[in-house]
Amino acid sequence: MATTPKAEPHHASRVESLLHDHGAKHLWARRRGTAVLVQSGPENDPVKHFRLHRDTVHLWRLDMAGRGGRWEKTPFRDNLDTLVSLVVENFPWTLTEIA
């Protein structure tokens with residue numbers, strides 16, 4: 001059984017750049033294992049917004065932050081650029097800055 005490739009530093013940079021291009025400059029992205037986490041706030045107490053979980057070499061799955069700090073799966077699977085655009089265009093409230 002093949003293992004899922006890990007997220008690379010350039011994946012997090014790309015996601016953060018795309019979000020900043022759309023005006024969400026309060027968000028930052030980091031990689032963790034096979035995922036790119038999109039968060040805001042201080043690094044020692046971040047607020048989760050969404051994550052892109054690597055599924056194959058070129059395809060990612062979108063998970064949204066749910067209540068209680070749990071990740072909720074969505075049916076969306078595509079490349080990084082498409083998934084970030086999907087979130088920005090269809091779920092803009094998930095990008096709201098939380099004080």
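Trainee: In the hairpin of β2 and β3, which residue takes a positive phi?

Mentor: Welcome, and keep in mind that this is a predicted model. Strands β2 and β3 run antiparallel and are joined by six bridges. Their hairpin has six residues between the strands, and the one with a positive phi, near 85°, is G41.

Trainee: And in the hairpin of β1 and β2, what is the phi of G33?

Mentor: Strand β1 (residues 27-32) also runs antiparallel to β2, again with six bridges. Two residues lie between β1 and β2, and G33 sits in that turn. Its phi is positive, at about 65°.

Trainee: Which residue in β3 is the bridge partner of L37?

Mentor: Let's start from L37 itself, which belongs to β2 and has R30 standing opposite. On the β3 side, L37 has a bridge partner too, and that residue is R51.

Trainee: Are the residues on the faces of β2 buried or exposed?

Mentor: In a regular strand, side chains alternate between the two faces of the sheet. For β2, one side carries A35, L37 and Q39, while the other carries V36, V38 and S40. On both faces, then, the residues are buried.

Trainee: How many salt bridges does a search of the whole structure find?

Mentor: Side chains of opposite charge can pair when their charged atoms come close. Another is D55 with R77, at 2.5 Å from N to O. Searching the whole structure gives a count of four.

Trainee: Which strands does the pair of R51 and D63 tie together?

Mentor: D63 is buried, with a relative accessible area of 5%. Since the two residues are 12 apart in sequence, with R51 in residues 47-54 and D63 in residues 60-65, the strands tied together are β3 and β4.

Trainee: Which residues are linked with D55 in a network of salt bridges?

Mentor: D55 meets R77 in a salt bridge. D55 lies in the loop between β3 and β4 and R77 in strand β5, so this pair ties together parts that are 22 residues apart in sequence. D55 is partly exposed at 26% relative accessible area, and R77 is partly exposed too, at 39%. The residues linked with D55 in the network are R61 and R77.

Trainee: Turning to the helices, what is the handedness of the crossing of α1 and α2?

Mentor: Helix α1 covers residues 9-21 and helix α2 covers residues 80-90. They pack at an angle of about 35°, with axes 10 Å apart. Their crossing is right-handed.

Trainee: How do the residues of the contact of α1 with α2 divide into nonpolar, polar and charged?

Mentor: From α1 come H11, R14, V15, L18 and L19, which meet L80, D81, V84 and V88 of α2. They divide into six nonpolar, one polar and two charged.

Trainee: What is the distance between the closest N and O atoms of D81 and R14?

Mentor: D81 lies in α2 and R14 in α1, so their pair ties together parts that are 67 residues apart in sequence. D81 counts as partly exposed at 31% relative accessibility, and R14 as partly exposed at 36%. In their salt bridge, the closest N and O atoms are apart by 2.6 Å.

Key: Residues are numbered from 1 along each chain as its sequence is written. This is a predicted model: local features need pLDDT of at least 70, side-chain atom pairs count only at pLDDT 80 or more; totals for chains, interfaces and linings use all residues. Side-chain values use heavy atoms; hydrogens and water are left out. Axes are lines fitted to C-alpha atoms, for helices over the stretch in contact, and angles run from 0 to 180 degrees between N-to-C directions. Helices (H or I, at least four residues) and strands (E, at least two) are DSSP runs, numbered from the N terminus. A crossing is left-handed if the near helix is turned anticlockwise from the far one by less than a right angle, and right-handed if clockwise. Contact means heavy atoms within 4.5 Å. Ala, Val, Leu, Ile, Met, Phe, Trp, Tyr, Cys and Pro count as nonpolar, Asp, Glu, Lys and Arg as charged, and the others, Gly among them, as polar. A salt bridge is a side-chain nitrogen of Lys or Arg within 4 Å of a carboxyl oxygen of Asp or Glu. Buried means under 20% relative accessible area, exposed over 50%, partly exposed in between (1.4 Å probe, protein chains only). Two strands pair if DSSP finds at least two bridges between them.
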